[in-house]
Amino acid sequence: MTTANKIRRSLFGGVLVAGSLLLGTVSNAQTAAADTAIRPFKVQIAESELADLKQRIIATRWTEKETVNDHSQGVPSKTVHELATYWATKYDWRKTEARLNRYPHFLTKIDGVDIHYVHVRSKEKNALPIILTHGWPGSFIELMKLIDPLTNPVAYGGKPEDAFDVVIPSMPGYGFSGKPTTTGWNPDRIAKAYVTLMKRLGYKKFLAQGGDWGSVIVDIMAVQSPNDLLGIHTNMPGAIPADIDKSAFAGAPAPSGLTPDERHAYDQVSVTYKNVYYAFFMGSRPQTLTGLADSPVGLATFLLDHDPRSMALITRTFAGQKEGLTKDDVLDNVSLYWFTNTAISAARLYWENKSNYFSPKGVTVPVAVSAFPDELYQTPRSWAEKAYPNLIYYNKLEKGGHFAAWEQPEIFTQELRNSFRSLRK
Amino acid sequence: MKQPESTASQVKGSVIDIRPFKVTIPQSELDELKRRILATRFPERETVNDISQGIQLSTIEELAKFWANEYDWRKVETKLNSYPNFLTEINGVDIHFIHARSNHENARPILLAHGWPGTIIEHLKIIDPLINPTAYGGNESDAFHVVLPSFPGYGFSGKPTTTGWDPGQIAVAWATLMNRLGYDRYFLHGTDWGAITVDLLAAQFPENIIGLHSNMPGVVPDNIHQASATGAPVPAGLTQEEQRAYEQLSKAYKNVHYAYYLASRPQALAGLIDSPIGLAAFLLDPITALFYPPATELFQNADNEKPDARLFSVYDEGLSRNDLLDIITLFWFTKSGVSASRIYWENKFPFFTPKGVKVPTAVSVFPGELYQAPKSWSEQAYPNLVYYRQEEKGAHFPSWERPQRIIDALRTGFRTLR
């Protein structure tokens, strides 16, 4: 080695040392700041990922047709074939990506995990901040249709005083949020993280809305932080009296003394409990579903079946029906699960959960309930009043199901406007 | 292979109904499997350090490596083809079966019924000792003619395209098959679903059955069975042995979510046909979690790298990586992940209750079985109990894992009935 080289090397080394010291200082400084840093985020799936997905769909190794002519063994194979053909040949993720990127996305670390969220402020004065929280097998995508009507009501049949500032987070392990590497991310912890998120965005008091897991989470947020919550809206209320819920879970005949509405709800939830074995499976063996990470069609088949009514409402577009979700809607959500490889991380929430889905959690803040007919159960007003002593709004809808915001966004928007009108000053 | 008796039985049945069959998976299928294994997209690691969330990522990654690079399907294919294989259509579905006749004059026919996810492979190791006892420590008088069918929707049997193939209909198909082979009186042995089908067969056609052996006997009194499935506290008045069985059952019912899921949505598991690693994880999980807990180290322990190394070393014979992959690979090539699940959807029988068997019955009780059948219940459920033995080791797949013990049970248990 020449002297010059030695010098160069030592200089180089010296620079490196200095550099890493410097970096060290900066990153230390950042660590303190990084805990609350908010980083802009853009949805950008690599071209190679798109090609790989297409290749895998085309190479799908198919199962035989079910032995029935209905949904009773799961999503019919005809539907899955339709879906796969459309997915591989017509579906355009880039369009979806562009639409998603019309809104500002961010990442921020909360409790050790990156939380992804969309944040859109209204231009209207006195807009109320609201956090919209999704569930399984949904994602932030199921709530995106609400952003424009909620933040810009005048352009969507509303009044300036109907405006909201909208925050839509992805749950840990879902979409573009980070995947927890340790245990403990149950609905309680997610609820805490969401309150932290809203505070970090500068909202001292805010509204929270939820469906599916989101419903459980907003109930818990209200119980944990009643002083921060102006009110909540839920379309899957935790409102079934505990003993009645227990009896439905056990498959017992309906208890006596129920009103017709209560009886109807009881029958619905009894059917639900008989059709959510996927939930018990994910609750006990999430990691065993590893095939969902490897097979796009396997993933789609699994995600299309939440409960019998939802399965019908989600899959009808592949039978050519126009009402509700489009093929693109359905595949936006499935593709998101695929590209983010989140089938297992999302399933793990069931493993983590210890909360009861449908029984009252002790919410005392103002509550608005939209009772959709095709929800897992249509909450009777009587149960809603008992579960939520401060019930400020209750409406029984004529149409809409478990994914109402996704499937009936106009009705849903109107529900949110009506729900919280009385809270505005 | 010369099988004169087999030809004779075909004549006695119906020649056109029984077609010889050979297992020949094309090389292109083997290549495609390897390609898919190597292209696997894995999920992230579990958030725990044990099997409580299911098959661990490191296990499945090791399995993938071994499966793609070391495993040799042709070995088990050759083994399968060392016996005469046949297809025969029963009730509209092709039933695949191995029919291995003994050369001994006084051999008695026996039907071996497998379960999920066992397949015929779980009984493969006991064929030779059963047909040729003198080469395997037995006497001529211990010989059996072996009939080993694949369940409809399993292995090389056809896949039902209509509903109705529940254990009752399968039991009738077994009787039809034995009759077609010319066997009027025969023995039965069953594991898992196989145990349920042979109970049902013996109850329905007692005149055809010489005796039945089960290692998953249906003996739990109805009310107790019901209580265990709902997680109720232990009923009063049980003996210590019964109480232990009750607790085992209650625990089992809390750990068979896969069974409930298959019963409710078999079609939703389409991914099992498309992803070999997804299939492997799904099949391996109940085997390891329910019956062979030592398999946590299954594909992780360097000592086990030799393909034929016996795993699950707490059991004296055990299973090898090849054993496990033989079954998984059979499922893969025959695309039977979903069709095999459908029996759960079809079934209306309680798993462990008495089915009304009156024929002579032999019961082997393995400690790792879903529950250890107490003698008291066994005597009630099988009024003609000719043999009852508690084994020291072994679990749910004894003829796969501890073939010696099952061979001994079949020889000893049935000796007085010949």
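A salt bridge is counted here when a side-chain nitrogen of Lys or Arg lies within 4 Å of a carboxyl oxygen of Asp or Glu. The model is predicted. By this rule, 34 salt bridges are found over all chains. Three of them are listed below.

| Pair | Closest N and O atoms |
|---|---|
| A:Asp305 and B:Arg265 | 2.5 Å |
| B:Glu44 and A:Arg348 | 3.0 Å |

A:Asp305 forms its salt bridge with B:Arg265. A:Asp305 belongs to the loop between helix 11 and helix 12 of chain A, and B:Arg265 to the loop between helix 10 and helix 11 of chain B, so the pair joins two chains. Both residues, A:Asp305 and B:Arg265, are buried.

B:Glu44 forms a salt bridge with A:Arg348. Because B:Glu44 lies in the loop between helix 2 and helix 3 of chain B and A:Arg348 in helix 14 of chain A, this pair also joins two chains. B:Glu44 and A:Arg348 are buried.

Within chain B, B:Arg36 and B:Glu32 are four residues apart in helix 2, about one helical turn. B:Arg36 is buried, at 9% relative accessible area, whereas B:Glu32 is partly exposed at 26%. Salt bridges with shared partners link B:Glu32, B:Arg35, B:Arg36 and B:Asp274 into one network.

Strand 4 of chain A, residues 128-133, has six of its six residues buried. A:Leu128, A:Ile130 and A:Leu132 point one way from this strand, and A:Pro129, A:Ile131 and A:Thr133 the other way. Four bridges join strand 4 to the parallel strand 5 of chain A, where A:Val167 stands opposite A:Ile131. Four bridges also join strand 4 to strand 6 of chain A, again in parallel, and there A:Ala208 stands opposite A:Ile131.

Conventions. Residues are numbered from 1 along each chain as its sequence is written. Chains are lettered from A and ligands numbered from 1 in the order in which they are written. This is a predicted model: local features need pLDDT of at least 70, side-chain atom pairs count only at pLDDT 80 or more; totals for chains, interfaces and linings use all residues. Side-chain values use heavy atoms; hydrogens and water are left out. Buried means under 20% relative accessible area, exposed over 50%, partly exposed in between (1.4 Å probe, protein chains only). Two strands pair if DSSP finds at least two bridges between them.
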